[in-house]
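Biologist: I have a model on my screen and want to learn how to read it. Can you take me through it step by step?

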Amino acid sequence: MSWIITRTGKRFDLLEPAAHMVDPTDIAHALSMQCRFNGHVKTFYSVAQHCLVVAELVPVQYQLEALLHDATEAYVGDLVSPLKQALPEYRQIEMRVWHAICHRFDIEPVLPPCVHDGDLIALATEKRDLMPAHADAWPCLIGTHPAQFRIKPMSQAEAAQAYFNRLMELLATTHRARAAA
């Protein structure tokens, strides 16, 4: 069996994902249920809220891509980066899911550099605000500074609703703008 049943009751095939299997409600719900850093934070902080933070750190025209940058995790879970790097088959499956998501939302699979930069700034901010203090440096954050704001973790329900609302808002404005161009 290579499929899962989503929150909305859809069958999502992990090995043969397709755009019609991708649902905004499923993404918002699942990402809001997953805690960043495999739960090793001071308080619950969801992947959905992380994506909202990244979306606020990029120019308006890239906010949809930023909001969706971790959407694969709604279907394949959120593995910690060191483990993800050690599992090439996982990365291949994740990439197929990513392409289905990109097709569903009409975005390019290669994310713009500002999304990667925003993701790192969010990571540095999360490290400062949510992680226990530790002397070891994170090599991926060399030269990256946390945002000026402090993260205030949302509840699961708040994160799900905020993520879904922002996604619907961005889809309405982004797709209208692309159709007019």
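Modeller: We go from the overall fold to one residue, then to a pocket.

Modeller: This is a predicted model, where local features need pLDDT of at least 70, side-chain atom pairs count only at pLDDT 80 or more, and totals for chains, interfaces and linings use all residues. Residues are numbered from 1 along each chain as its sequence is written, and side-chain values use heavy atoms, with hydrogens and water left out.

Biologist: How many helices and strands are in the protein?

Modeller: Helices (H or I, at least four residues) and strands (E, at least two) are DSSP runs, numbered from the N terminus. The protein has 8 helices and 2 strands. Their order from the N terminus is β-β-α-α-α-α-α-α-α-α.

Biologist: What does the radius of gyration of the protein say?

Modeller: The radius is taken over C-alpha atoms, and the globule rule is 2.2 Å times the number of residues to the power 0.38. Here the radius of gyration is 16 Å, close to the 16 Å from the rule for 181 residues, so the protein is as compact as a globular protein of that length. Its C-alpha atoms fill a box of roughly 45 × 40 × 30 Å along the principal axes.

Biologist: What share of the residues is buried?

Modeller: Buried means under 20% relative accessible area, exposed over 50%, partly exposed in between (1.4 Å probe, protein chains only). Buried residues are 46% of the 181.

Biologist: Take Leu31. Is Leu31 buried or exposed?

Modeller: Leu31 lies in helix H1 (residues 24-33). Its relative accessible area is 0%, so Leu31 is buried.

Biologist: Which residues is Leu31 in contact with?

Modeller: Contact means heavy atoms within 4.5 Å. Leaving aside neighbours within four places in sequence, the partners of Leu31 include Ser46, Cys51, Asp70, Glu73 and Tyr163. Ser46 is 15 residues away along the chain, yet the two C-alpha atoms are separated by 6.6 Å.

Biologist: Now the largest pocket. What is its volume?

Modeller: On a 1 Å grid over the protein atoms alone, a pocket is an open set of points where a 1.4 Å probe fits, with protein on both sides within 12 Å along at least five of seven lines; lining residues have an atom within 4 Å of a point. Points are joined across faces, edges and corners, and a volume is the space filled by probe spheres set on them. The largest pocket comes to about 1000 Å³. It has 31 lining residues, and the closest to its centre are Asp70, Glu73, Ser81, Lys84 and Asp119.

Biologist: Which element gives the most to the lining?

Modeller: H7, with 5 residues.
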